[in-house]
Amino acid sequence: MQRFIAVRVLQSLMAILVMSVIVFGLARISGNPIDVMLPIEAEQEDYDRLTKYWGLDKPLHEQYVVFVTKAIQGDFGQSLKYQGQSAMALVMERLPATLELAGFALLISAIIAVPIGVLAAVAKDTGWDAAAKVVALLGQSLPVFWLGIVLMWIFAVWLGWLPSSGRGGLQHLILPAITLGWFQVAAIMRLVRSSMLEVLDSEFVKLARIKGIPEWKVVWKHCLRNAGIAPLTFFAIIAGVLLTGTVVTETVFTWPGLGLLVVDAVRSRDFQVVQAVVIIFAFIFILCNLLVDVLYAYIDPRIRYQ
Amino acid sequence: MPQLTSTRTLPWYAIPWVVDGWRQVKRYPLFSLAILIFVLVIPAMFAPWVAPHDPYLGFLSNRLTPPVWQDGGTMEHILGTDKLGRDILSRIIYGARVSLTVSLIAIFVGGIIGTVLGLISGYFGGKTDAVIMRLVDISLSLPTILLALVLVAAVGPSFGVVITVLIVLLWARYARLTRGETLAIKELDFIARGRVAGASHTRIMFKYIFPNVFNSLVVLATLQVGYVILLESTLSFLGAGLPRAEPAWGVMVADGRELIVTAWWVSMFPGLAIMLTVLALNLIGDWLRDHLDPKLRNL
């Protein structure tokens, strides 16, 4: 078990390393940031001075080492767009908004998907099941950004019930959360349904029924606990996916989180911020994958010995 | 001699292939719906002949005309026009071309790279296998959209960027699948006989093993086209995909986003096009998978 965890941690570190190299490399490719910063009339000595100040005269691998050491300490330099603010500070400022959105989306998708999945399994081949299949199919085919726009149009423009952008109370949170969680509802529901179908055939279920335990207890208390293993690990994966999904959702609803930050930064070629956000996201994403694998190995011993 | 009745004079509804076809339609209604939608996509490939207007040329005097069933709409622009006066219907038709082209190229190239690496990895095993599988794992754990955003921040949105990002993301699945199947096929007798007969490694990989893996690859590719189209349109929507001037569906939705209150049609129709296309592709992919290779259910 220890060995498995060690191997996975190593893999994750390598993945983060690869991401950091990619981010670093790409930032340097697109041209000299000094040219962007200086006005045209600047003298050669100003140019040299700035180059030295930003450390751009050192060879690439040295720059990379500097980049990594600073990154570990959390220093990603200063934002080009919001002059004077450190990139990390901006990220920290926006992180709670994103976490709030992702957390709520996860909650909504769980609340919707699990009951429907259970019902679909229990009432197999009936209306519920058909409805579940339709939802699953739609969930996989709808583009997230379009769903957001459609929801916004229906509820904010046409009906006027909910606000269409910005962050605030619960009513601001609903539409973005539904948009973000939609895709996951389909996947979770499918998973819950197939797990439940497997469990419902087990011997202990028959025993429970013979014992006289009411059907609802058999289904919701006993079966769900056993069937819940697979979906539980899926939740951990979703946590990672949701974070990247926020990029699109936040753009559509102008939710002031990390996703919107990174898109704006890309548009204004604000490298330091892009680097900071991407590294943080990648870190969380890879961490979630790692947790999932460890959790899975903990629950299912066969995986550990691969 | 009495004239023998020709067996060809069956009424149309009794012709065997029509009867079989109808039975198929009744048994798999969803699949047939998918085929129907797909049939609508094919004309999109012949866009220049089908589209009523030029997708790039806009007449500002026509800007933001609503679709034909609302007041102010005309038959000239059935689905309305966008803020530069370009016809939405034509842009959607051309957009189908763009999306399909990008997706197919990405899947094709990614598939080739992945298959070759998978074959090598499975066949030779050992260190090569370990290295390639590490690469696969890392590749699968890279966050999609972020990678694209970073690339675009560096070089700006373009066809090349989108295709590159897609390839980097897609190859790993093919590699994994091919490697798995190669490992299984490698043990079979006919491979050993091939070696004994003097076949080189390359020959064995591509002429013996690959044809047996091909089926699964086709199914995987079909399953992925829908996903790739979604990915490409998402990137285009964010401005990290195809350039803003192209009539790509994602770009069109982005264009219409600010106008959602007044000119809802600019965003709605391209999005609808995306959804229907991906839906049809998913249905077809699922059907193919269920019928050709149920092993792939968990992919």
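**Entry 1: α5 and α7 of chain B.** I looked up how helix α5 (residues 126–140) of chain B lies against helix α7 (residues 159–186) of chain B in this predicted model. Their axes cross at roughly 135° and come within 9 Å. That makes α5(B) oblique to α7(B), since angles under 35 degrees count as roughly parallel, over 145 as roughly antiparallel, 65 to 115 as roughly perpendicular and the rest as oblique. I noted the contact residues (C-beta atoms, placed from the backbone, within 7 Å): B:Ile132, B:Val136, B:Ser139 and B:Leu140 in α5(B) meet B:Val168, B:Ala172, B:Ala175 and B:Arg176 in α7(B). These residues divide into six nonpolar, one polar and one charged.

**Entry 2: α10 of chain B.** I next asked how many residues of helix α10 (residues 249–257) of chain B are buried. Eight of the nine are buried, so α10(B) is largely enclosed by the rest of the structure; a residue is buried if 20 or more other C-beta atoms lie within 10 Å of its own. Among them I listed B:Trp249, B:Met252 and B:Asp255.

**Entry 3: α5 and α8 of chain A.** I then turned to helix α5 (residues 87–122) of chain A and helix α8 (residues 170–200) of chain A, whose axes are 6 Å apart at an angle of about 35°. I recorded 26 nonpolar, four polar and one charged residue in their contact.

**Entry 4: conventions.** Residues are numbered from 1 along each chain as its sequence is written, and chains are lettered from A and ligands numbered from 1 in the order in which they are written. In this predicted model local features need pLDDT of at least 70, side-chain atom pairs count only at pLDDT 80 or more, and totals for chains, interfaces and linings use all residues.

Methods
Axes fitted to C-alpha atoms, helices over the stretch in contact; angles between N-to-C directions. Helix = DSSP H or I, 4+ residues; strand = E, 2+ residues; numbered from the N terminus. Contact = placed C-beta atoms within 7 Å. Nonpolar A, V, L, I, M, F, W, Y, C, P; charged D, E, K, R; others polar. Buried ≥ 20, exposed ≤ 12 C-beta atoms within 10 Å, placed from the backbone.
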